[in-house]
Amino acid sequence: MKFRAKIIDVGCLNHFTRVVNTISKLTKTCILRLTPNNLYFVLSGKVASGGVGMWCELSQANFFDEYQLEGVAPDANEICLEVTPENLSRALRTSQNAKCVKIKLTKKHCPCLTLVAELPTLSSVSRVVTHDIPVDVIPRRLWHDFKEPRMPDFDVSIYLPPLKTMKNVVDRMKNLSNFLVMEANLNGEMNLKIETDLVSVTTHFKDLGNPPWGDDGSQGRSRSRDPEVMAHTRVDIRKLQQFLMGQQVNPSKAMCNIVHKRIIHLILLHEDVSLQYFIPAVA
Amino acid sequence: MPLSTQSQTEGDNYVLVASLDNVRNLSNILKAITFKDHAIFNATPNGLKVTVEDSKCLQANAFIQAEIFQEFTIKEDSVGFQVNLTVLLDCLTIFGGSTVPGVATALRMCYNGYGYPLTLFLEEGGVVTVCKINTQEPEEPIDFEFCSTDVTNKVILQSESLKEAFSELDMTSEVLQITMSPSQPYFRLSTFGNSGNAHYDYPKDSDIMELFQCTKTQTNRYKMSLLKPSTKALALSCKVSVRTDSRGFLSLQYLVRNDDGQICFVEYYCCPDEEVEEE
């Protein structure tokens, strides 16, 4: 198993750092899948993560100047690691001015992702900072847990309102209730609702637009759907808040698929990064 | 009946409707008296009075005159109810607490009378939030029987320097002692904490003293824990009047200018601490 990669462009480095920062705000630990073309940060949606699933996909060529991977076996040319993204984030933060950042898989007292940053100095000699980030190697027999999630058979798909507005509203709602209902229809309307013995609050978003998904099974179901009817799902408000807290950059596209009473599937697309986040319904 | 299924026609049955183009003109002043969960609202054609009390020894009132509102319609002489103030504030600030220049949240507050929730419509940038907050029967606010004819000592100060003093007050002191006198030290704030005793003196002819009317020397102590919330009102204010009566009851009145420069008042009444020192 071998992995070495290098970033020399400052813009790429900043962008990669922002992505890792976002991931570190979403989860304490996750899986990092390294394949010849892509990197993936994955949460499998199991009980351990509170049922929340995450799939963040980066195209390696958009970030790394050099990228060499030798997977666990010729027919399984990938590496699967369990990482604590905050550690990677911290290491990247100290490397922001680096002329060059190398990341490689090493074996110190345990397997590590080693980050080596060459920092500029006033003299001609560079200062080198090395971070050893401990990781766990995930054996191949467990890889099936971390496959790309299928697009759920959603009832409604809708573009999200500005994330900042959503975040402000959800932050306040969290003071009032532990659970939130998100509902949306094919008329571009979305409501966020909380209701307790003391108070009920509903925020109405209009004219959001609905993404025109292609001619597949889900769209077939949606096509015959009354555009006024809302699909709704009730979730733990902290999970939605956590998703909104993590967003550092305005995505080029942000949308949400709702499977009535089952799941909220959030999708953020940036130029070279896509992030999917699954929040399960609570009773 | 769940709040969310009440019909739209109740909009015709309101006893109180108040609208603001900028909700901060209400939320900021309410923040200055939020030290307990419950607040008593009393609306009259003159405007809104919101009262918060603590252990029958402290009362804070915020006054927002009808003229501050873009619309203030009341169908009865007096409309009263009680709500959870922290819930109300979370609703008023639903779009976030900070200001973005040029963006204001508009508010329309409606109340249909006894047994109905307080309904808020908040709008910012085309997004509308509707809140329905349960109300209770209002308690009768305590009458501290503080009347201006019984005032022994009164000063009006510019808030700036009092803000400094209050931010430095020794919080390990259980009491804040206020001395007012026609002679030295004129107006003194004292604390007795773990690090020792501290005194803040404001002479009667100092620049910040706008009015000085002290008729007799009085020293009174007030529980620090009761007065601490008043610092929020002080922070918002530009002027404060400090008055004591013959019983040693304290009245603090704060002149607050809102975002649009309009004036509102906040007042605090506090009972003196009964445990007087032996010296």
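More than any other three residues, R172(A), L198(A) and S200(A) contribute to the area that chain A buries against chain B, supplying 35% of it. The structure is a predicted model, in which local features need pLDDT of at least 70 and side-chain atom pairs count only at pLDDT 80 or more, while totals for chains, interfaces and linings use all residues. Residues are numbered from 1 along each chain as its sequence is written, chains are lettered from A and ligands numbered from 1 in the order in which they are written, and side-chain values use heavy atoms, with hydrogens and water left out.

On the residue level, the contact (heavy atoms within 4.5 Å) takes 17 residues from chain A and 20 residues from chain B. Across this interface, 9 residue pairs are in polar contact, both residues being at pLDDT 80 or more. Helix 3 (163–176) and strand 14 (199–205) of chain A each supply at least two residues of the side of chain A that touches chain B. A polar contact here is a pair of N or O atoms within 3.5 Å; within protein, one must be able to donate a hydrogen and the other to accept it, and residues adjacent in sequence count only if both atoms are side-chain atoms. Helices (H or I, at least four residues) and strands (E, at least two) are DSSP runs, numbered from the N terminus. The count of salt bridges between chain A and chain B is 0, where a salt bridge is a side-chain nitrogen of Lys or Arg within 4 Å of a carboxyl oxygen of Asp or Glu.

Over all chains, the structure holds 18 salt bridges. One of them joins the side chains of K167(A) and D171(A), at 2.8 Å from N to O. These two residues are 4 residues apart in helix 3 of chain A, so about one helical turn separates K167(A) from D171(A). K167(A) counts as partly exposed at 26% relative accessibility, whereas D171(A) counts as buried at 19%; buried means under 20% relative accessible area, exposed over 50%, and partly exposed in between (1.4 Å probe, protein chains only). Also in chain A, E86(A), R90(A) and R93(A) are linked in a network of salt bridges.

In chain B, a salt bridge of 2.7 Å (N to O) brings together the side chains of R188(B) and D201(B). Because R188(B) lies in strand 12 (residues 187–193) and D201(B) in strand 13 (residues 196–201) of chain B, the pair ties together parts that are 13 residues apart in sequence. Both partners are partly exposed, R188(B) with a relative accessible area of 25% and D201(B) with 40%. E210(B) and K239(B) also meet through their side chains in a salt bridge, at 2.9 Å from N to O. Here E210(B) belongs to strand 14 (residues 209–214) and K239(B) to strand 16 (residues 237–245) of chain B, so the pair ties together parts that are 29 residues apart in sequence.

Turning to the interior, A43(B) sits in strand 2 (residues 38–44) of chain B and is buried, with a relative accessible area of 1%. Not counting residues up to four places away in sequence, A43(B) touches L16(B), L48(B), F72(B), I74(B), D77(B), S78(B) and V79(B). In chain A, the buried residues of helix 5 (residues 237–245) are I237(A), K239(A), L240(A), Q241(A), F243(A) and L244(A). The N-terminal end of helix 5 is capped by D236(A), with a side-chain oxygen 2.9 Å from the backbone nitrogen of R238(A).

Some backbone geometry in chain B also deserves a mention. Most residues other than glycine have a negative phi, and most peptide bonds are trans. The peptide bond from Q184(B) to P185(B) is cis, with omega near 0°, and P185(B) is found in the loop between strand 11 (175–180) and strand 12 of chain B. S55(B), a residue other than glycine, has a positive phi near 40° and is found in the loop between strand 3 (47–54) and strand 4 (58–65) of chain B. E145(B) is not a glycine either, yet has a positive phi of about 55°; E145(B) is exposed, with a relative accessible area of 57%.

Technical notes:
Buried area is the accessible area (1.4 Å probe) that two parts lose on being put together, summed over both.
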